[in-house]
Amino acid sequence: MSQKTTLLDLSPREATAAREIALRYGNRPDALLEILHDLQEHLGFVPEAALPALAKALNLSRAEVHGVVTFYHDYRREPAGRHVIKVCRAEACQSMGANELVGMIERYLKVKLGQTTADGAITVEAAYCLGNCALSPAMMVDEKLVGRVDAKKFEKIVAECRS
Amino acid sequence: MSKVYVPRDSAARSVGADEVAEALAKAGHEVIRNGSRGLLFLEPLVEVETKDGRIAYGPVTVEDVASLPLATGGAHKLRLGNIEDHPYLKNQERLTFARCGITDPVSVADYVQHGGFEGLKKALGLAGSAIVAEVTESGLRGRGGAGFPTGIKWKTVHDASADQKYVCCNADEGDSGTFADRMVMEGDPLMLIEGMTIAGVAVGATKGYVYIRSEYPDAIATMKEAIANAVAAKWLGANIQGTDKSFHLEVRRGAGAYICGEETAMLESLEGKRGTVRPKPPIPALEGLFGKPTVINNVLSFAAVPFILAKGGAAYKNYGMGRSRGTLPFQLAGNIRQGGLVEKAFGVTLRELVEGFGGGTFTGKPIRAIQVGGPLGAYVPASQLDMPMDYETFAAAQAMVGHGGIVVFDESVDMAAQARFAMEFCAIESCGKCTPCRIGSTRGVEVIDKIVAGEDRDANLDLLADLCQTMTDGSLCAMGGLTPMPVLSAIKHFPEDFDKPAKMAAE
Ligand SMILES: Cc1cc2nc3c(=O)[nH]c(=O)nc-3n(C[C@H](O)[C@H](O)[C@H](O)COP(=O)(O)O)c2cc1C
Ligand code: SF4
Ligand code: FES
């Protein structure tokens with residue numbers, strides 16, 4: 001093994017995290033989604049390097065774990081920005097200008113949905129209904145729901161994310 | 001100092017309820033975080049306890065807090081009077097949402113004080129078959145979309161013999177325009193716990209799961225808190241209230257896949273797998289979670305059960321029309337002036353909901369289309385506003401009531417764009433198991449693009465009709481099977497939007 005610090009050196013930490021979290025759920029394979037959520041909360045994303053250890057702990061094949069990670073929209077394969085903003089694109093929000101809002105956001109942040117701003121502060125993503133359809137258009141900033149979003153509100157949110 | 005209520009519901013929080021609650025606490029008031037009354041257009045709604053009842057002010061901002069006459073409940077430009085007398089609330093028939101907004105959602109004491117656990121108490125003294133009979137008598141049909149009679153489902157699970165049975169609550173609530181499940185979980189979660197426990201006692205299941213979409217972090221946290229409190233008070237867990245009945249409940253998070261609201265995909269997901277749809281048969285009632293007999297119901301179906309047990313199936317059945325019995329918590333959403341939750345007996349018309357309660361569009365422009373029943377539901381034209389909300393009436397009009405989500409669009413809507421979105425959404429969310437859905441939806445987007453561009457319009461409209469037929473006939477589940485409903489309704493009721501050159505020439 002190389003003596004120099006390489007990306008590979010991260011994998012023991014990731015494998016350890018995977019094993020510890022799996023153990024918290026009694027290594028039950030049916031808890032895989034919960035385990036992946038916790039792993040993502042802990043590491044910021046679901047790194048490839050954690051999957052073999054996870055598969056082993058849950059007595060699943062690597063292909064099975066990989067299949068689950070890639071099926072669900074929630075799991076990130078790489079780190080996100082410091083804050084994640086999910087913009088609702090579903091029908092109720094469309095009726096209140098969500099498409100125009102998305103255009104405004106993309107111009108303002110100079111990124112497309114699914115991307116992270118150059119300063120690493122914000123990742124913007126699409127969501128399909130956040131359950132705030134009476135107060136559309138809606139978005140979620142990290143875990144906090146925001147309703148009746150307009151340009152002014154959005155600029156304030158961005159400023160807070162960047163401070 | 002006064003006792004004031006500020007909702008902890010995430011919709012209320014989304015427009016500043018936390019900041020208002022904080023300012024009120026700082027001013028020395030006793031702040032209770034209740035559920036939302038469902039008058040979402042008035043959030044943050046602040047209520048103060050007075051000798052004349054709970055006087056409401058709303059929508060309140062932090063700047064308003066200092067000027068609110070909370071000591072007296074007196075006059076103010078935001079004063080709404082006793083909230084129970086507000087026409088939006090007074091004209092509802094709240095059987096399920098009777099307590100929501102009144103109590104502290106996670107307080108077992110509050111819950112019991114307001115009639116909570118009466119249904120479970122009764123159920124604990126009944127044979128499983130008698131509980132099932134009461135639910136059958138009520139006429140309750142599944143509120144998740146398909147409207148299947150709940151009593152029949154429970155009977156199948158009750159009659160099955162197995163070493164383990166399960167009760168699973170579908171709280172994936174993926175439909176745009178819906179938030180009633182979320183409001184139950186955040187505003188009266190003990191009612192859902194009670195309903196699921198009654199189901200467990202009825203069918204002989206000792207283990208239950210609530211599958212909640214990850215987009216609902218507040219609902220997840222509140223459910224967990226309520227479960228812990230119910231266990232501590234011995235209303236849940238081993239030997240409920242000292243009886244020989246046990247029921248254990250666990251929350252599981254989804255991971256951002258609309259298809260996991262389909263019940264068999266949800267089961268796969270609960271087993272830790274990819275959320276792909278299972279072929280039926282076998283039906284989940286016989287071979288469900290881990291292959292065991294399983295009751296799967298929507299949040300609102302379970303939430304209706306405590307009332308049915310406490311007051312009797314006949315009392316519930318008294319409400320409604322035709323074969324649609326009881327009430328439905330409708331959700332007024334989208335471009336609407338007074339959006340929120342309106343629980344009414346079936347039979348109320350779309351107009352009464354949208355114009356009466358809703359007050360028309362938010363923008364003030366005429367209503368053009370209303371999507372009822374989520375992304376797989378039809379777009380209803382303004383000319384059909386007098387349809388009563390009833391499963392059969394909607395089905396006859398090639399539409400559906402679904403989970404009761406009502407999304408209003410004003411005249412600026414482009415219906416070809418809405419049809420395109422229906423196909424696009426299906427392409428994004430398809431589980432990939434069958435070709436008509438997986439490939440058909442992507443083809444649908446392309447064909448609609450061609451129609452809108454005026455390319456071989458008539459031939460492409462025929463092609464789209466064929467494609468919709470193939471999806472309807474050849475899909476394993478309603479994702480691919482019902483996506484044609486919004487598409488075809490848009491073409492049928494708004495053909496002019498699919499004929500751009502002609503439309504432009506006419507303008
Ligand atoms: C694509 C798709 C999505 C669905 N999403 C939900 C959902 O989010 N919540 C729900 O309760 N039912 C949903 N359903 C319906 C369920 O499959 C099932 O009919 C329901 O959970 C049964 O409960 P009920 O009888 O109480 O309605 C969905 C169905 C399909 C085909
Ligand atoms: S219709 Fe679509 S979502 Fe349903 S099983 Fe087939 S591919 Fe999956
Ligand atoms: S459609 Fe945007 S929050 Fe529901």
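The model is predicted, so local features need pLDDT of at least 70 and side-chain atom pairs count only at pLDDT 80 or more, while totals for chains, interfaces and linings use all residues. Residues are numbered from 1 along each chain as its sequence is written, chains are lettered from A and ligands numbered from 1 in the order in which they are written, and side-chain values use heavy atoms, with hydrogens and water left out.

**The interface**

Select the residues in contact (heavy atoms within 4.5 Å) between the chains: 41 residues come from chain A and 61 residues from chain B. About 3800 Å² is buried between chain A and chain B, 54% of it on carbon and sulfur atoms; buried area is the accessible area (1.4 Å probe) that two parts lose on being put together, summed over both.

Now show Asp30(A) and Arg252(B), a salt bridge whose closest N and O atoms are 2.8 Å apart. The interface has 4 salt bridges, each a side-chain nitrogen of Lys or Arg within 4 Å of a carboxyl oxygen of Asp or Glu. Across the interface, 26 residue pairs are in polar contact, both residues at pLDDT 80 or more. A polar contact is a pair of N or O atoms within 3.5 Å; within protein, one must be able to donate a hydrogen and the other to accept it, and residues adjacent in sequence count only if both atoms are side-chain atoms.

On the side that touches chain B, α2 (32-43), α4 (62-71), α5 (91-94) and β4 (144-146) of chain A each supply at least two residues. The largest share, 6 residues, comes from α2(A).

**Ligand 1**

Select the 19 residues around ligand 1 (a heavy atom within 4 Å); Gly144(B), Asn170(B), Asn297(B), Asn298(B) and Ser301(B) come nearest. A polar side-chain atom of Asn170(B) is 2.9 Å from an oxygen atom of ligand 1. A polar backbone atom of Gly261(B) lies 3.1 Å from a nitrogen atom of the ligand. In this shell, β9(B) gives the largest share, 3 residues.

**Ligand 2**

Finally, move to ligand 2, surrounded by 13 residues, the closest being Cys431(B), Lys433(B), Cys434(B), Cys437(B) and Cys477(B).

Definitions and conventions: Helix = DSSP H or I, 4+ residues; strand = E, 2+ residues; numbered from the N terminus.
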